[in-house]
Amino acid sequence: MIEFAETASCRNFGITVLGSGSKGNSSVIHGTKGNFLLDAGFSAKELAARMEDRDIDPCSIQAILVTHAHQDHTKGCRVFGKKYNIPVYIQQETYLELKEHYEKYAPEEDVVLITPGSAFDCCGVHIEPFEISHDVAALAYIFQVEDHKIGYATDLGWMSPLVKRKLHDSQILILESNYDPVKLRNSGRPISTIRRIMGRQGHLSNDEAMSSLGDLITRNTRKIVFAHISQECNDRVLVNDLAMKQLADLNREDILVEIASQSTPLETMWMKV
Ligand SMILES: [Zn+2]
Ligand SMILES: [Zn+2]
């Protein structure tokens with residue numbers, strides 16, 4: 001069973017969700033040899049402010065890892081990467097897409113091309129990107145230090161067998177729970193947008209996220225953060241209620257639940273390695 005660390009001396013593997021939602025996504029992964037960012041979907045200034053809010057020195061960030069090209073994941077990539085002189089890990093398709101559609105967010109130099117399924121190490125963390133189904137090339141990640149694992153998946157339209165296999169047995173799981181289908185249908189959005197979000201290349205609904213938990217959690221799972229909550233088509237209280245009910249049905253009321261916020265960073269979740 002994993003031990004959650006409380007004291008500074010034990011703080012050697014963890015995650016701080018700086019914010020999540022359609023207006024920006026970014027988390028700091030704290031490794032045994034330093035910190036790196038997973039997505040940089042806020043301006044460089046906003047990223048630094050959110051880090052400082054959680055007592056994280058922006059100068060401690062040693063790399064940026066990118067999930068996909070959408071601007072809510074890449075807005076600060078270029079400027080933050082350049083300002084702190086750090087490499088950006090990105091898959092080729094995403095890099096080319098950024099260059100074509102969001103040129104001002106594309107990293108200028110120090111680009112490290114990564115491939116889904118090919119693991120690499122950064123800041124003492126073993127990292128494995130894997131493919132998820134979205135309307136652009138997109139990655140989810142697992143982060144491991146020894147037998148401790150953080151799984152992170154947002155912006156996916158389908159909980160594929162690969163995703164289930166990879167996220168299985170995470171001690172800390174960050175999982176999208178994007179929309180409530182009724183709220184989405186009644187949102188007044190164009191039908192094509194609604195279909196895109198609900199489709200296999202869109203986002204995970206609350207029901208899809210909750211019903212997958214039985215396949216993902218194990219006795220090692222300690223915490224689940226539901227993320228990328230739609231501000232218009234979902235409700236953080238509703239997501240929390242659904243999660244509590246689902247975990248009660250699974251006899252796992254011991255698992256801590258948090259709902260990521262668009263505006264406020266969460267407390268850092270630490271594991272003792
Ligand atoms: Zn997104
Ligand atoms: Zn996206």
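Along the chain, the donors of the zinc ion (ligand 1) are spaced as D-H-x81-D-x72-H. Donors here are N, O and S atoms within 2.8 Å of the metal (3.2 Å for Na, K and Ca); water is not among the atoms, so sites may look incomplete. This is a predicted model, in which local features need pLDDT of at least 70 and side-chain atom pairs count only at pLDDT 80 or more, while totals for chains, interfaces and linings use all residues. Residues are numbered from 1 along each chain as its sequence is written, chains are lettered from A and ligands numbered from 1 in the order in which they are written, and side-chain values use heavy atoms, with hydrogens and water left out.

**Zinc ion (ligand 1)**

- Its protein donors are D72 (OD), H73 (NE2), D155 (OD) and H228 (NE2), and they lie 2.1 to 2.3 Å from the ion.
- The arrangement is irregular because the 4 donor atoms subtend angles of 91 to 164°. Four donors count as tetrahedral if all angles lie between 85 and 135 degrees; four count as square planar and six as octahedral if opposite donors are over 155 degrees apart and all others between 65 and 115; anything else is irregular.
- H73 in helix α2 (residues 71–74) and H228 in the loop between β12 (223–227) and α9 (236–249) are 155 residues apart, so this pair links distant parts of the chain. Helices (H or I, at least four residues) and strands (E, at least two) are DSSP runs, numbered from the N terminus.
- H73 counts as buried because its relative accessibility is 0%. Buried means under 20% relative accessible area, exposed over 50%, and partly exposed in between (1.4 Å probe, protein chains only).
- H228 also counts as buried, at 3% relative accessibility.

**Zinc ion (ligand 2)**

- H68 (NE2), H70 (ND1), H134 (NE2) and D155 (OD) coordinate this ion at 2.2 to 2.4 Å.
- Their spacing along the chain is H-x1-H-x63-H-x20-D.
- The angles subtended by the 4 donor atoms run from 90 to 166°, which makes this arrangement irregular.
- H68 is buried, with a relative accessible area of 0%, and H70 counts as buried at 16%.
- D155 bridges the zinc ion (ligand 2) and the zinc ion (ligand 1), which lie 3.5 Å apart.

**Nonpolar cores**

- The largest nonpolar core has 29 residues, and I15, F36, L65, I127 and F143 have the most contacts inside it. Such a core is a set of buried Ala, Val, Leu, Ile, Met, Phe, Trp, Tyr and Cys residues joined through side-chain atoms within 4.5 Å.
- Strand β9 (residues 138–145) gives the most to this core, with 4 residues.
- A second, separate core has 27 residues, including L173, A209, V239 and V257.

**Largest pocket**

- The largest pocket has a volume of about 310 Å³. On a 1 Å grid over the protein atoms alone, a pocket is an open set of points where a 1.4 Å probe fits, with protein on both sides within 12 Å along at least five of seven lines; lining residues have an atom within 4 Å of a point. Grid points are joined across faces, edges and corners, and a volume is the space filled by probe spheres set on the points.
- Of its 20 lining residues, S22, D72, R196, H203 and H228 are the closest to the centre.
- α2 and α7 (191–198) are the elements that give two or more residues to the lining, and α7 gives the most, with 3 residues.

**C59**

- C59 is in the loop between α1 (44–53) and β4 (61–65), and it counts as exposed at 59% relative accessibility.
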